[in-house]
Amino acid sequence: MPFGSVVSALTAVILGLTLGFILQKGRFCLNSAFRDIIFIKDLTLFRSYLLCVVVAVIGTNFLEDAGLIMTFDQEAGRFVSTGLLRQNFVPVANILGGFLFGLGIVLAGGCASGIVYRLGEGQMAALVAIVGFFFGVAMTTDGILSPVREFLKSFNVEIFGKTNPAIWDLFGGSPAAKWITIAVFSIALLIFIFKGKPTFGIVRNGYTWGLTGVLIGLLTILAWEVSSFFGGVPRGLAITTPLREFFYTVLTNSSHSPYQEFSFLGIFKGTWGVFFIFAIPLGAALSAVALKEFKWKIPPAKEVLTVFFGSILMGIGAVIAGGCNLGHGVTGMSTMSVASLVAITSIVLGNWAMVYYKFMRDTE
């Protein structure tokens with residue numbers, strides 16, 4: 001790499017700190033965003049999420065068309081333009097994994113990014129959820145459930161000859177089809193978003209939902225570039241793979257990842273994603289302390305068991321689906337991947353199913 005290990009690690013840390021700070025400041029959790037739609041009939045957080053997606057889609061695809069999504073070629077010793085890394089469309093895995101993940105986030109009390117940033121608020125239930133999430137991820141990636149994952153992912157579907165289609169490939173896949181699709185998609189969402197009358201400022205207790213959506217969308221665009229130039233591969237924002245790499249690094253001194261590892265001052269070695277995930281709760285803690293919201297909170301035993309089971313389900317679902325709420329719902333959707341659209345839709349449906357079962361069925 002043309003950049004030193006310390007510089008590469010620092011870029012991941014800075015991006016992680018920034019994401020954690022924004023997540024906490026804006027109370028951005030997709031479990032809450034999806035749950036609130038049917039539970040309290042509140043679309044505020046959901047609109048914030050959609051605004052984030054619109055910003056990310058436009059910026060990310062502009063970078064791709066400009067040839068600015070790069071990968072470092074070790075043999076050639078230089079960066080080459082590779083475009084976005086869209087996931088293969090494996091509908092059985094995308095649907096089943098997404099639905100399981102959606103069920104799990106309700107039981108765990110937060111989505112993948114939500115539990116990571118809430119650790120920075122001092123919530124010990126989030127630590128339980130993070131450990132459970134890793135258990136689910138590890139057993140499905142390399143453990144007893146790995147044959148199930150491989151079987152479900154074997155049902156790959158091609159659309160017009162592409163195994164990793166974008167939404168515009170459904171309409172021919174030309175550059176014109178791409179930007180017409182993006183324009184129609186963005187305009188439709190923006191009409192819905194602005195019905196909620198967003199504001200884009202800072203209030204006493206954090207960021208408004210409009211500002212939060214814009215900032216996370218911009219950070220998604222930035223993450224593609226930063227991970228490309230300083231991590232060697234365009235990875236964007238994600239939780240599942242970086243968290244697995246972090247735990248494997250701590251437990252085995254190897255991330256067991258195909259991505260390049262960096263040594264930080266000769267003390268700690270890990271991928272770009274390891275340093276990124278490590279910094280997210282630290283960034284959230286900075287925000288929580290500034291807002292005087294940091295407080296150690298110990299959950300009751302019954303909640304610990306529910307959270308742990310739910311987070312294991314999250315981990316299993318995330319690996320089967322090929323990503324979590326951030327990996328599919330934000331980063332994947334920024335590429336307009338068909339796989340990500342199917343997965344995030346399934347996550348929403350799983351969330352609603354568990355919300356109904358846990359909170360609503362006895363009230364009817």
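**Notebook: helix packing and an aromatic cluster**

Axes here are lines fitted to C-alpha atoms, for helices over the stretch in contact, and angles run from 0 to 180 degrees between N-to-C directions. Helices (H or I, at least four residues) are DSSP runs, numbered from the N terminus.

I then listed the contact, meaning heavy atoms within 4.5 Å. From α1 I found V7, S8, T11, L15, T18, L19, I22, L23 and G26. From α9 I found T212, L215, I216, L219, L222, A223, V226 and F230. By class, the contact of α1 with α9 has 12 nonpolar, 5 polar and no charged residues. Ala, Val, Leu, Ile, Met, Phe, Trp, Tyr, Cys and Pro count as nonpolar, Asp, Glu, Lys and Arg as charged, and the others, Gly among them, as polar.

Notes on the source. The model is predicted, so local features need pLDDT of at least 70 and side-chain atom pairs count only at pLDDT 80 or more, while totals for chains, interfaces and linings use all residues. Residues are numbered from 1 along each chain as its sequence is written, and side-chain values use heavy atoms, with hydrogens and water left out.

Next I checked helix α4 (residues 91-108) against helix α14 (residues 338-360). They pack at an angle of about 40°, with their axes 6 Å apart. The contact of α4 with α14 has 16 nonpolar, 6 polar and 1 charged residues.

How much of helix α5 (residues 112-119) is buried? I found 7 of its 8 residues buried, so α5 is largely enclosed by the rest of the structure. Buried means under 20% relative accessible area (1.4 Å probe, protein chains only). The buried residues are A112, S113, G114, I115, V116, Y117 and R118.

I moved on to α6 and helix α10 (residues 240-252), which pack at about 90° with axes 10 Å apart. They are therefore roughly perpendicular to each other (65 to 115 degrees). α6 brings I130, V131, F133, F134, V137, A138 and T141 to the contact. α10 brings T240, L243, R244, F247, Y248 and L251. These residues divide into 10 nonpolar, 2 polar and 1 charged.

Last, I went through the rings. Rings of Phe, Tyr and Trp (its six-membered ring) pair if their centres lie within 6.5 Å; planes under 30 degrees apart count as stacked, over 60 as edge-to-face. The count comes to 15 aromatic pairs. The rings of F134 and F247 have centres 4.4 Å apart and planes at 15°, so I logged the pair as stacked. F134 sits in helix α6 and F247 in helix α10, 113 residues apart. F134 counts as buried at 8% relative accessibility. F247 is buried too, at 16%.

F134 also pairs with Y248, edge-to-face, at 5.6 Å centre to centre and 85° between the planes. Y248 lies in helix α10, so this pair ties together parts 114 residues apart in sequence. Y248 is buried, as is F134. Which residues do ring pairs link into a cluster? I noted F134, F246, F247, Y248 and F278.

Key
Helix = DSSP H or I, 4+ residues; strand = E, 2+ residues; numbered from the N terminus. Buried < 20%, exposed > 50% of the residue type's maximum accessible area, 1.4 Å probe, protein only. Parallel < 35°, antiparallel > 145°, perpendicular 65-115°, else oblique.
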